[in-house]
Amino acid sequence: MTTLNVLLAGPGLIGSALLQQFAASKCKNVSIRLVGIANSKKFITCAEGLDFLHAKDTLAAKGKEGSVIDFVNEGAKLGLSKTIFVDCTASDAVSPAYAHALKCNISVVTANKKVNSGDLAYRNEVMELAHKPEGPRFRYEANVGAGLPIIKPLNDFVASGDQVVHIEAILSGTLAFLFNNLTKDVLFSKVVKKAKELGFTEPDPRDDLNGSDVARKIVILARDSGYDVSLEDVEIVSILPESCIKASNVDEFFAALEKDCDSAIEQRRAKAEANGEVLRFIASFDTHSGTPKMRLELLSVPLAHPAAGLSGSDNICIMKTLRYDTNPCVIKGPGAGAAVTAAGVFGDIISLQDVSVTPKAA
């Protein structure tokens, strides 16, 4: 039985779901030991392991103040082989811990997209540290598509000498839900309100509708395809008029959405329906021109298109490569939610069972 020692940063929605999955795991070959847990203010470590279902209470009662770097250092001092730092936050503040953990011989698993889509030089440093022979590793499958296996197949294509030509994807569970539920009788503002009531959107839905999260994901896919691109290179065709963007609060946003957006979206939906098509918010990455181009926009796609038949908050990624040319690789399924995202993180953790390194001081 292999024991993996986990240092968990971020016991929020995804982190809590991960702890529940740890507790329910019936894996016969791998045992998970939670040797540390941290939030934005405090952390606690324990070489014998913390109870999965009571770790947050233990952190609240006995945690000591310190930074995420302090947390990693304390975890390294435990000296436990196969120690893994797991980031289930969405915070920029955790980013410096990645390189530090790797320098301490601690592998890193993350659901947080900030490092992989952020500063290119730092991302490349992390990648270089994670590719040293017999050293720690970096896993981030949950960065794109929650628990869907998108990152590993893409990396396998590139590692085997294939070349990505074009990627077309729906990478937001929220935006997928909106356009999957849009009908003649249910206008766009109503669907957005329903999504917010169901907890599918951020408190301010504009944080979903502006496409910034999707932009991070397409940048990650482009970088993993071998291109040095940045967020600034993504062209976002906004689905919101200026009145919605500039609204001073959420109530004003919804009023502007109903007044200035519903009619335009319905016209596009009706035209698509008349043409035997549906509306989908598509992220694309293309290399045909020789210069990588990334674009996010609302498109009308034919019913035969792989994205047309999606339901609920499903995601889809269609990858065309030199080898997967006439018949592209299509990966689709649930692409949102704490449980499936945590499952993607858990899978990455399990994948590190053969990485046997002992932590050291950086």
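**Exercise 1.** Find which helix gives the most residues to the lining of the second largest pocket, and how many it gives.

Solution. This is a predicted model, in which local features need pLDDT of at least 70, side-chain atom pairs count only at pLDDT 80 or more, and totals for chains, interfaces and linings use all residues. Residues are numbered from 1 along each chain as its sequence is written, and side-chain values use heavy atoms, without hydrogens and water.

Step 1: On a 1 Å grid over the protein atoms alone, a pocket is an open set of points where a 1.4 Å probe fits, with protein on both sides within 12 Å along at least five of seven lines; lining residues have an atom within 4 Å of a point. Helices (H or I, at least four residues) and strands (E, at least two) are DSSP runs, numbered from the N terminus.

Step 2: list the elements. Strand E7 (138-139), helix H7 (151-159), H11 and H15 each give two or more residues to this lining.

Step 3: pick the top contributor. H7 gives the most, with six residues.

**Exercise 2.** Describe the centre and composition of the second largest pocket.

Solution. Step 1: of its 23 lining residues, Phe138, Arg139, Ile151, Lys152 and Asn155 lie nearest the centre.

Step 1: the lining divides into eight nonpolar (Ala, Val, Leu, Ile, Met, Phe, Trp, Tyr, Cys, Pro), eight charged (Asp, Glu, Lys, Arg) and seven polar residues (the others, Gly among them).

**Exercise 3.** Identify the top contributor to the largest pocket and the lining's composition.

Solution. Step 1: H11 gives the most to this lining, with five residues.

Step 1: the lining holds 16 nonpolar, 17 polar and eight charged residues.
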